[in-house]
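Trainee: I would like a close look at one part of this model. Please take me through it step by step.

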Amino acid sequence: MELANTLRQDGESRGGVLAHLERLETQVSKSRKKLEEPQNAQALEARIHELKRLRDKLRAEVKQRQARVKASTANVEPDQILEISEQEILERKQENMKAILQAYRFTGISGKLTSRGVCVCISTAFEGNLLDSYFVDLVMEKPLWIHHHSVPVFIPLEEISAKYLQTNTRHFLFVLWEYLNAYSGRKYQADRLQSDFAAFLVGPLQRNSLCNLLSFTYKVKPEGQSFPFCARLLYKDLTTTLPTDVTVTSQGTEALPSTWEEQRAAHENLFFTKPLHQVKGNIALSAPMTKVMGFQKNLSRLSGQGPFHLTRTTDKQVFRVKSTASRF
Amino acid sequence: MDSQRAKARALEAEIAALRRACIETQAPGDDDSQVRKSFQETHQSNSEEWGLSKDLRSHLGSLESELQFLSRLTGISIRNYCKNTEDLTNTEMAEKSIKKVLQRHRLSGNCHMITFQLEFQILEIQDKESLSSVITDLSIIMEPTEYSELSEFVSRAEEKRDLLMFFRSLRFFVEWCDYRKRTFKHFKEKYPEAVQLSEGASSSCMGIRNPSQPGFELVIVWRIQIDEEGKVLPKLDLLTKVPLRALELDKNRVIETAPLSFRTLLGVLGIEATLESLIKSFCTEESS
């Protein structure tokens with residue numbers, strides 16, 4: 001206001017006054033600025049301080065959000081893990097059950113469900129050797145009937161099924177298993193005899209398809225001449241693997257010397273009690289008998305008699321000594 | 001001053017960027033619609049798995065019923081089984097195309113009231129012509145039962161490594177035990193005063209007593225034996241318990257020959273008819 005008044009009083013010094021005013025104005029603003037600058041600096045500092053604070057806050061917020069995102073996706077996983085482990089448990093149970101179904105064959109009778117019934121698989125074995133399997137396809141209708149099977153023709157399947165199939169299917173399977181297992185065992189024995197002891201056999205092993213009638217001629221020693229024996233084995237009971245009738249005869253027409261007679265009788269006994277291929281092993285006097293041979297030698301040396309011949313009783317406990325010399 | 005300003009400007013820019021980042025990192029579930037979407041997603045994947053489980057469960061159900069059927073049909077129930085295979089083929093054998101594998105099996109289950117646990121090894125040798133599988137080791141553990149006949153049979157089966165024979169004998173043995181139990185029970189029910197079952201339902205002895213003639217007693221001992229070959233056979237014997245005075249009066253030596261006559265009768269009439277006739281003749285006669 002005072003400035004304005006001074007301007008109206010002296011018009012001539014207006015230019016000079018204006019200029020003066022301008023100078024004053026700039027001075028004031030400068031001084032104001034000068035006044036403000038320390039304030040600005042302060043404010044700036046304050047502002048920077050504020051900005052920093054805000055920045056830090058936002059940083060923390062972002063971090064938190066990121067962590068939450070991670071956590072929420074992680075939250076989804078544990079449930080999935082639970083789902084997976086339940087599935088794993090079920091799968092493992094399934095594997096176990098399938099394995100058990102397979103394991104049934106070790107019990108001799110196993111089976112698989114079919115659309116119309118069950119296909120029963122019968123497994124056979126002889127003294128730890130697993131042998132053939134046979135199958136019987138049963139249709140579960142009234143009456144029960146056999147669709148098809150792999151049972152050999154000479155096994156009395158019709159007889160067994162007539163007796164048991166309708167009234168007691170389980171027993172039918174047990175009995176059928178007995179027949180098939182025994183047949184398998186006899187066949188195995190005959191096969192082993194033919195293959196392992198071919199050197200002792202004179203001529204072929206004669207057998208019927210049921211392998212319950214065997215006839216063969218054998219020598220006690222593979223080389224050299226000894227009286228060959230004819231053995232005839234009959235297995236009347238089709239559910240057994242040991243013969244019911246055994247006859248061992250000498251091939252020649254002349255009478256057997258006593259030692260051979262004893263041997264013959266011993267062999268008969270052996271055939272009754274031991275599996276076929278093991279009987280031959282006993283007769284063959286293999287390596288463990290070298291002790292006996294030594295004993296024989298000693299006997300002849302000591303007594304001045306000889307040669308001696310030893311026969312063994314079936315329980316292998318007693319050795320009977322007989323001399324082939326005519327004196328005894 | 002300028003540096004301060006620059007600092008301020010830099011901070012502002014950083015803040016703006018952070019603000020943008022905040023908006024971008026929206027966790028699912030923060031937002032309602034997002035929640036629904038993710039739920040749908042997880043539900044879909046869950047239901048896929050549930051679908052699989054459903055198939056698995058129904059398959060398991062059918063496997064279970066198959067196992068139950070098999071156990072009823074074969075008489076043996078296998079509860080657990082595991083197998084272990086070891087390849088024993090060495091380079092020599094491989095050259096001759098011979099393969100040797102050792103399998104170790106462990107099996108546990110039961111046959112009616114008899115529980116067993118088996119461990120066995122099978123050696124499989126495959127050459128060009130044939131495959132041979134041989135059981136090389138067998139160990140059988142049975143839970144103790146009242147059937148003493150079983151322990152001898154078990155050790156024999158282990159010795160012979162005859163696994164199938166073990167099962168066959170077990171099955172027939174259990175069948176016979178069941179038949180014996182039912183037969184004794186039948187007679188006990190039919191002639192309650194005359195018949196005595198000393199050891200209860202699964203006893204191996206049946207006593208016949210005439211209530212009007214105390215002191216006289218017939219005891220039928222029914223044993224179930226398993227022979228060397230694994231065949232299961234019933235063995236019945238008759239024991240007589242008679243006062244001394246009666247023995248003296250027995251001129252025809254009926255009592256002495258009774259056990260033998262019993263055996264003959266069994267052969268002719270079979271078990272049930274023999275027992276029936278024995279009970280009848282012992283109990284309904286007025287004079288001894």
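This is a predicted model: local features need pLDDT of at least 70, side-chain atom pairs count only at pLDDT 80 or more; totals for chains, interfaces and linings use all residues.

Where is the place of Glu127(A) in chain A?

Mentor: Glu127(A) sits in the loop that runs between β2 (117-126) and β3 of chain A. Its phi is near 50 degrees, a positive value in a residue other than glycine. Most residues other than glycine have a negative phi, and most peptide bonds are trans. Glu127(A) has a relative accessible area of 22%, so it counts as partly exposed.

Now compare Cys211(A). This residue lies in the loop between β5 (201-207) and β6 (213-218) of chain A. Phi of Cys211(A) is near 55 degrees, again positive in a residue other than glycine. Cys211(A) is buried, because its relative accessible area is 2%.

The bond joins Lys142(A) and Pro143(A), with omega about 0 degrees. Pro143(A) belongs to the loop between β3 (129-139) and β4 (145-149).

Thr241(A) is in the loop between β7 (229-234) and β8 (245-250) of chain A. Its relative accessibility is 13%, so Thr241(A) counts as buried.

Next, follow helix α4 (residues 169-196) of chain A. Two packed helices are described by the angle between their axes and the distance between the axes. The axes of α4(A) and α5(B) come within 11 Å and cross at roughly 145 degrees. The crossing is left-handed. On the α4(A) side, the residues that meet α5(B) include Phe174(A), Trp177(A) and Glu178(A). On the α5(B) side, they include Met165(B), Arg168(B) and Phe172(B). By class, this contact has six nonpolar, two polar and four charged residues.

Nonpolar side chains tend to be buried together in soluble globular proteins. Here the largest nonpolar core has 89 residues, and Leu176(A), Phe116(B) and Phe166(B) have the most contacts inside it. Helix α5 (residues 163-190) of chain B gives the most to this core, with eleven residues. Phe166(B) touches Phe116(B), Leu118(B) and Ile140(B), among others. Apart from this core lies another, of 21 residues, among them Leu201(A), Leu214(A), Tyr218(A) and Leu270(A).

Conventions: Residues are numbered from 1 along each chain as its sequence is written. Chains are lettered from A and ligands numbered from 1 in the order in which they are written. Side-chain values use heavy atoms; hydrogens and water are left out. A nonpolar core is a set of buried Ala, Val, Leu, Ile, Met, Phe, Trp, Tyr and Cys residues joined through side-chain atoms within 4.5 Å. Buried means under 20% relative accessible area, exposed over 50%, partly exposed in between (1.4 Å probe, protein chains only). Helices (H or I, at least four residues) and strands (E, at least two) are DSSP runs, numbered from the N terminus. Contact means heavy atoms within 4.5 Å. Axes are lines fitted to C-alpha atoms, for helices over the stretch in contact, and angles run from 0 to 180 degrees between N-to-C directions. A crossing is left-handed if the near helix is turned anticlockwise from the far one by less than a right angle, and right-handed if clockwise. Ala, Val, Leu, Ile, Met, Phe, Trp, Tyr, Cys and Pro count as nonpolar, Asp, Glu, Lys and Arg as charged, and the others, Gly among them, as polar. Lists of a residue's contacts leave out its neighbours within four places in sequence.
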